[in-house]
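Let's take a friendly walk through a protein model, with a look at its rings and its helices. Here are the sequence and structure to follow along with.

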Amino acid sequence: MLTVSQRRVQTQNTVMFQALVCKLVSPCRRFLDNSLGLSSQQKRTGCNSSSLAVAQQLSGLSSWLEKKKRQKKMFHVKYQPLRLIAQSSLSGMCLKLMFSRPVAFAQIWKSWFSSHSLVGNKNIILMGPPGAGKTTVGRIVGQKLDCPVIDIDDDVLETTWNMSVSEKLQDVGNEQFLEEEGKALLKFSASGSVISLTGSNPMHAASMQHVKQNGIVVYLDVPTAVIMSRLKSIKVDRIVGQGPDTSLKDILQFRKQFYKRWYDVRVLCGGDAAAEVVAEKVLDAVKRYQNSELETYISTRSSRSGRSTQKDTHKYFSDVVIEGLAPDGGLFVPERGLPKFTAEEWQSLIEATYAERAQVVLERCIHPADIPASKLREIIGIAYGENFSCSKIAPVRHLTGNQFLLELFHGPTASFKDFALQMMPHMFAYCIPRSCNYLVLVATSGDTGSAVLDGFSRLHDIDKQRIAVMSFFPEDGVSPIQKSQMIGCQKENAWSIGVKSDFDFCQTAIKQIFTNSDYTGFLTVEYGTALAAANSINWARLLPQIVYHASAYLDLVQQDIIAFGSPVDVCIPTGNFGNILAALYAKIMGIPIRKCICASNQNNVLTDFIQTGSYDLRGRKLVPTSSPAVDILKSSNLERYLHLIADGDGQLVTQLYSQLENQGHFQLRKDLLEKLQQDLVAGWCSEDDCLAAIHYVYSTTGYILDTHTAVAKVVADRLQDRTCPIIISSTAHYSKFAPAILRALRIAEIKQNPLSQLHLLSSYSPLPPVHWGLLETLKKNENEHHQVCAADLSVLMSQIETLIQNHFMKAF
């Protein structure tokens, strides 16, 4: 019988083969999808569909008016191959509009754009509300592409009915009109054309599914207020559902749910956007949709030459979600950088909900070939639903003067980690192959652990059978309540293990495990299980955090605190650099953030680095504090920021981190330090000052800060110049740190039991109230236990293998 060590050696060739197969999967999938002409939604969904009765659509309008906030239904398109040219039973005029251009098979997936045809034989289908400009924009797009333009109203409906749309509507009434309109669209087929739908077409499911089969649906997303302004001076007599008892605004709002079901790509259209500008946006959006192979990710440690010559090293979003850490030890970043929003596009989101803002931002960052818009909306709906105690999800609260708090603790585990970790597990489950088991590993300094465990425990049962999570935390380096919460969040597919060391050891150990190809290959071959990461080293952890920084700014605009374009500063308690990096990314994407203030506690290595350019761990020891999420010396996400300011110089990043690993320090070049200091300033806060800030804010406002937010408050007071508002990230709820809060408020502790401490705090009727989710978790799991292991890499590897044996072996 072979030993474990011999078996691991034996699997190396097999692992190399599997790695090669994995590298081929994404390109092949894109090749087949594009060559078949599949839409992004049809690439990844296989759900059953059914036509929605027309009468139900109209009766739903009145129901919707009463229950707007509760509608969360989703619609899925049945998977089936597309026909490049469908049979048509329309008039000869419509047949003349059809055309076909032969396209070589290789060209379909490799280079679809030419001066004559953007999408070959497929159609560009413009969808949106009445007054969105579909007809005008469609004509401009058709002129630019030199292809036929079809307006459904004029060229199909009126030709078929031999009467105007308004006459037909008056003749048959609302319900019958939708049915007749749908029948006409079901008989319509075209190829290589630009098609402008009517505003009511998307309300007829069967006809939309038909027309979508041979086209890319582009949603012209125009704010309702802009549409109302455009239609105000026009006599409108052809809008389905219009009547004396129903306002036009309500009709437009009601229809949004149908538009959101069908589009492949969205184009944001502000009030002042000229039709020519919108047409260019449509072309850009379609081009991006068709060129999924261009949105690749590289390691922060890849050489510049590697971008153009080593195409097999490129990864797509699905790949980086699954893999987490790059094979060379670096972190994945978008090769072409982050998308940019114009000021007009950001302003179109001012009145949007948090979920709507998240949808728009993430659509730009995630290609629909990886996660289509419809699936992304479903994930966002699950992530930011009833599991958040505040309907605003990430509300901004005025604190004092020009200081504002961004409350990021309303999720189920009471920290900002919930924003990513209520979403990432569902992204992960969607992206991974259905036939594989995955064990997600995470190192935590407190908040990440419970957020990961809670997030992955909310997966559908079928996904929990193939996805498990293991969280390692410093046994004596988290607050008692954080530990109780992590233990309480353990479920059938989620476990938490204490390590007799600090967070830096846990984080370094996880990285070493991921880069140990012998060990990971052994797990893959022996148990059919791959490893994945859920720490902020995973790109899918950072993306959702960009949203709340952007949303906070938009909220200040919405509340008339500032005008759009006016700068703000942000101050963020920072340990692993992920949260503040997300703010820097929001700035790159167009949010007018002036300075990002990095707030440290006594473990102030980041403060020293930002001020001097010297990252020096020599002689430093981690100091446990009452703000444990900042008790970090090696900030992983700093690597991504250095890669950014070094203009993607992976060789330099490799050199710096090799020096840090081998010598315990590195010094940033002067030019890079100057770049860094244009974005960042930093300060740190002692334990005494932290507790004093909690007492002062409570005494003057009645509001209780948690220990991390108090660190940021102290640093903000010292560093802000008061020439613009400052948004302080309140990254956790004070309930997690009850002993420190009780000391700060000078309340004598009665019992050491975490649940008793929360009851004591609750008796003071604090603002905000004691966190509901945390209280419930502690009530249910007072007597739960957890495993503790030594700070030894081999021991952690043994724990991982044991868990896999216990959880996944039943699958074989």
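## A ring pair across the sequence

Tyr-384 is buried, with a relative accessible area of 8%. Here, buried means under 20% relative accessible area, exposed means over 50%, and partly exposed lies in between (1.4 Å probe, protein chains only). Phe-419 is buried too, at a relative accessible area of 0%. Keep in mind that this is a predicted model, where local features need pLDDT of at least 70, side-chain atom pairs count only at pLDDT 80 or more, and totals for chains, interfaces and linings use all residues. Residues are numbered from 1 along each chain as its sequence is written, and side-chain values use heavy atoms, with hydrogens and water left out.

How are the rings of Tyr-384 and Phe-419 placed? Their centres are 6.1 Å apart and their planes are at 45°, so the pair is tilted. Rings of Phe, Tyr and Trp (its six-membered ring) pair if their centres lie within 6.5 Å; planes under 30 degrees apart count as stacked, over 60 as edge-to-face and the rest as tilted. Tyr-384 sits in the loop between helix H18 (373–383) and strand E8 (396–400), while Phe-419 belongs to helix H19 (residues 417–421), so the pair ties together parts that are 35 residues apart in sequence. Helices (H or I, at least four residues) and strands (E, at least two) are DSSP runs, numbered from the N terminus.

Ring pairs also link Tyr-354, Tyr-384, Phe-388, Phe-419 and Tyr-548 into a cluster.

## Inside helix H12

The count of aromatic pairs comes to 23. One of them joins Phe-254 and Phe-258 edge-to-face, at 5.4 Å centre to centre with 70° between the planes. Both residues lie in helix H12 (residues 248–262), 4 residues apart, about one turn of the helix. Phe-254 and Phe-258 are both buried.

Helix H12 also holds Arg-261. Is Arg-261 buried or exposed? At 11% relative accessibility, Arg-261 counts as buried. Arg-261 and Ser-374 are 113 residues apart in sequence, yet 6.3 Å apart in space, C-alpha to C-alpha.

Helix H26 (residues 539–558) packs with helix H27 (residues 578–588) at an angle of about 60°, and their axes are 8 Å apart. Axes are lines fitted to C-alpha atoms, for helices over the stretch in contact (heavy atoms within 4.5 Å), and angles run from 0 to 180 degrees between N-to-C directions.
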